[in-house]
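Subject: Structure handover

Hello,

Here is the structure I promised to pass on. Please open it first, then read the notes below alongside it.

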Amino acid sequence: MGISQSEGEMEGWLHLIRFNRFGLQYSRKRYFILKDHSLRSFKTIPMSQNEEPVRSAIIDSYIRVTDNGRESIHRNVFFLFTLYNTSNHKDQLKLGASSPEEAARWIRSLQVAALKEYQDTEQDFVACSKRKWPSLRTENIFHDRLSGSKRAIRKTSIDWTLSSIVHAEAMTSDVIAPSPWKIFGCQNGLRLFKESKDWDSRGGHWDDHPAIMAVGIVDGTSEAIFRTLMSIGSSRSEWDFCFYRGSVVEHLDGHADIIHKQLYSDWLPWGMQKRDLLLRRYWRREDDGTYVILYHSVIHKKCPPQKGYVRACLKSGGFVVTPVNQGKQSLVRHMLSIDWKYWKLYLRPSSARSITIRMVERLAALRELFRVKCRDSSELLSEELAREIGMPQSEKEDIKTEVQCPEQVKKMEEVDLMEDEMEKAVSGRTSLMDLNDAADEFFDVPEPTEYGQYENEWHSELSAGQNSLNIYQSKLSSAAVFVKKIHDRRAQKKGYMDLQEVAREDSISCFYGATLLKDPTCALPCSWAEGDPSLFLIRGPSYLQDHQKVKAKGTLMQMVGADWMRSDKREDNLGNRPDSIVQKFAGLGGPEFFFIVNFQIPGTTMSTLAFYYMTKTPLEENPLLHSFVNGDDAYRDSRFKLIPYISQGSWIVKQSVGKKACLIGQALQVHYYRGRNYLELEVDVGSSTVARGVANLVLGYLNNLVIEMAFLIQANTEEELPEVLLGTCRLNHLDISKSPLAKK
């Protein structure tokens with residue numbers, strides 16, 4: 001692809017992902033150059049630096065990038081990401097790369113370019129081009145209107161020289177926690193572990209359905225192994241001796257789908273009937289190149305139990321692929337916890353355990369596959385994968401294959417010529433959306449690419465024409481509106497049910513800040529308590545020199561309340577509501593200041609999880625907190641961090657949540673509400689497909705989890721170090737059925 005990259009700069013081929021007038025997606029290949037805080041688009045590789053771009057947009061501190069995962073568009077697979085303007089969420093640009101690594105490099109470069117903008121002056125942007133540059137640093141009127149305060153632009157107070165360190169931290173854990181795994185054997189070159197909770201004091205007792213993990217080194221890149229693991233075509237039989245055949249039942253979003261696997265019976269004990277699995281599959285890529293693939297069983301109306309098969313229940317399972325040895329090899333962990341649904345009189349628990357152990361030993365076969373072939377990931381998948389049908393089985397009856405006639409191709413070429421003339425006439429660039437070409441929006445002829453097989457090898461597992469986040473043309477014909485309504489209904493309707501889901505009950509209205517019970521003993525279910533600060537690692541006083549983190553010793557603020565409720569809409573600005581704990585103290589005229597973190601979690605209904613922290617110390621005595629409270633949204637987005645930790649719960653949830661600090665404002669949309677005695681952060685969990693997938697998984701296991709969290713403001717300079725936690729929280733076995741309804 002000829003991609004080149006440096007810190008905050010990059011160039012290469014990408015695909016513009018757009019909608020035609022019928023609301024369906026299509027792509028256009030363009031050459032993009034990211035340099036000097038500008039993103040420029042060309043139809044061909046520019047021959048000189050002075051060549052004028054077809055279209056361009058500025059990348060400043062209000063630009064965010066979100067990972068949309070993988071999608072199939074006209075049977076070409078793209079790894080998508082969206083640029084959006086935090087001051088105008090309608091200003092968006094969706095792009096597609098040919099591989100997850102390429103998409104990750106573009107996301108990284110765009111994020112760094114946005115961070116570096118703080119160091120440059122306004123004149124630098126004006127001098128970038130002869131064109132009239134857009135101003136994307138507009139005021140956030142949404143915030144100002146609700147808070148009644150003006151935002152202060154903070155360009156001189158931020159040091160972004162440590163942006164690379166921020167990303168390096170993703171490779172380490174920020175929580176001090178014991179390993180939940182205990183080794184019990186070594187077989188076929190694999191170390192075998194089981195969850196330590198399943199061992200009694202004598203070390204000899206096994207649970208009925210133990211969680212078992214195999215760990216080994218594979219001679220392949222993490223991306224190549226990821227592609228192989230995600231394939232459920234016939235090529236999987238090259239290494240997976242359990243696998244008979246599989247299909248995608250439903251494509252949920254770019255990071256999740258529902259898949260059906262049928263297993264061979266010849267590796268099972270004699271007389272045991274064939275098994276199949278219906279799974280929700282979720283995947284993501286970490287900043288250090290680690291790929292996480294997680295599975296758990298679900299029920300789906302389009303895939304009922306089938307004759308001749310007994311449906312096993314996968315409680316949790318998956319793969320974690322971490323690059324080692326400069327990326328030449330990968331450490332692969334494969335974990336399974338399965339209820340094989342056998343009669344106890346027929347099969348002893350030790351035999352069922354042996355079946356699970358045999359299944360995780362597939363990892364040894366995967367290792368041998370890569371050892372023998374030693375080829376690029378695109379060659380590891382057989383040609384049979386490219387011949388599979390590129391959509392879920394449930395959609396085959398609804399969508400017909402499109403065949404373009406010569407007249408249509410000719411018309412497409414004429415439109416491209418017309419588009420060139422139109423683009424030359426465009427003199428101003430006002431937003432990210434101007435990088436979208438508009439002239440050929442309703443012609444869906446797939447264009448040839450230089451990496452045809454590289455994209456098409458995945459098409460058998462993805463559906464065609466998925467809707468994107470919030471990007472759509474404002475003017476549609478009546479037929480287009482009808483088509484889009486059908487398309488949205490299909491995309492939003494949940495056709496499956498997690499096995500862990502429970503029925504919800506209506507409850508009483510709530511008093512904001514007190515809807516979740518406080519229990520310092522952590523003995524009562526559906527309660528909260530302050531967490532132990534010493535569990536969390538934060539930047540020490542000499543972090544800029546040695547990059548060492550230290551145990552937190554305390555918190556700046558005290559947790560005084562929590563909300564756990566549900567509603568049919570977003571519940572924002574809780575601190576401003578008359579019956580909130582914040583307004584109760586405001587009425588007394590005391591010195592108390594509140595810091596509220598309000599998570600809006602999408603689902604069948606919207607869930608709200610809010611934490612209330614209070615301090616009586618004047619903000620001026622802590623300069624970093626004072627700067628954060630009175631700073632602008634871009635500054636806040638660049639500093640606010642969350643450290644999550646699942647101290648009790650299933651491996652699949654622990655793996656999905658992780659134990660790494662995250663700059664929330666860089667990953668999710670955050671709205672800020674500044675009141676007289678409070679600052680509220682409303683975090684939209686649904687603004688990222690990755691976060692939405694994690695939230696859906698966590699909600700399914702919520703009753704069995706103990707969740708720990710710590711919040712802090714990132715310190716970037718010597719004067720700001722060492723870091724101090726704002727506050728901690730421990731949530732004990734939340735029950736979604738016991739969450740009260742928010743007041744209307």
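A polar contact here is a pair of N or O atoms within 3.5 Å; within protein, one must be able to donate a hydrogen and the other to accept it. Please keep in mind that this is a predicted model.

**Glutamate 682**

A polar contact of 3.5 Å links the side chain of glutamate 682 to the side chain of tyrosine 673. The residue sits in strand β30, residues 678–684. Is glutamate 682 buried or exposed? Its relative accessible area is 0%, so glutamate 682 is buried. Setting aside neighbours within four places in sequence, its contacts include Arg570, Glu571, Asp572, Asn598 and Gln600. Gln669, Val670, His671 and Tyr673 are also among them.

The buried residues of α13 (residues 581–588) are Ile581, Val582 and Ala586. Why do they line one face of the helix? Seen down the axis of α13, the buried residues fall within an arc of 140 degrees, so they line one face. They pack against β24 (558–567), β25 (593–601), β26 (606–615) and β30. The face turned away from the buried side carries the exposed residues Lys584, Gly587 and Leu588. Just after α13 comes glycine 589, with a positive phi of about 75 degrees.

Now look at helix α5, residues 222–230. It is mostly covered, with nine of its nine residues buried. They include the charged pair Glu223 and Arg227. Ser222, Ala224, Ile225, Phe226, Thr228, Leu229 and Met230 are also on the list of buried residues of α5.

**Cavities**

How many cavities of 30 Å³ or more are there? The count comes to four. The largest cavity holds about 100 Å³ of space. Its lining has 15 residues; nearest its centre lie Lys261, Leu277, Leu279, Met359 and Arg362. By class, that lining has 10 nonpolar, two polar and three charged residues. At least two lining residues come from each of β13 (256–263), β14 (275–285), β17 (313–324) and β18 (329–339).

**Backbone points to check**

Most residues other than glycine have a negative phi, and most peptide bonds are trans. These places depart from that pattern.

- Asparagine 325 has a positive phi, near 55 degrees. It lies in the loop between β17 and β18.
- At 45% relative accessibility, histidine 547 counts as partly exposed.
- Leucine 721 and proline 722 are joined by a cis peptide bond, with omega about -5 degrees. Proline 722 is in the loop between β31 (706–713) and β32 (725–732).

**The whole chain**

The protein has 18 helices and 32 strands. Of its 744 residues, 59% are buried. Take the contacts between residues at least 6 apart in sequence: 69% of them join residues at least 24 apart.

Best wishes

Conventions. Residues numbered from 1 in each chain as written. Predicted model: local features only at pLDDT ≥ 70, side-chain atom pairs only at ≥ 80, totals over all residues. Heavy atoms only, no water. Buried < 20%, exposed > 50% of the residue type's maximum accessible area, 1.4 Å probe, protein only. Helix = DSSP H or I, 4+ residues; strand = E, 2+ residues; numbered from the N terminus. Contact = heavy atoms within 4.5 Å. Arc of directions from axis to C-beta. 1 Å grid on protein atoms, 1.4 Å probe; cavity = no way out; pocket = protein on both sides within 12 Å on 5 of 7 lines; lining within 4 Å. Points joined across faces, edges and corners; volume = space filled by probe spheres on them.
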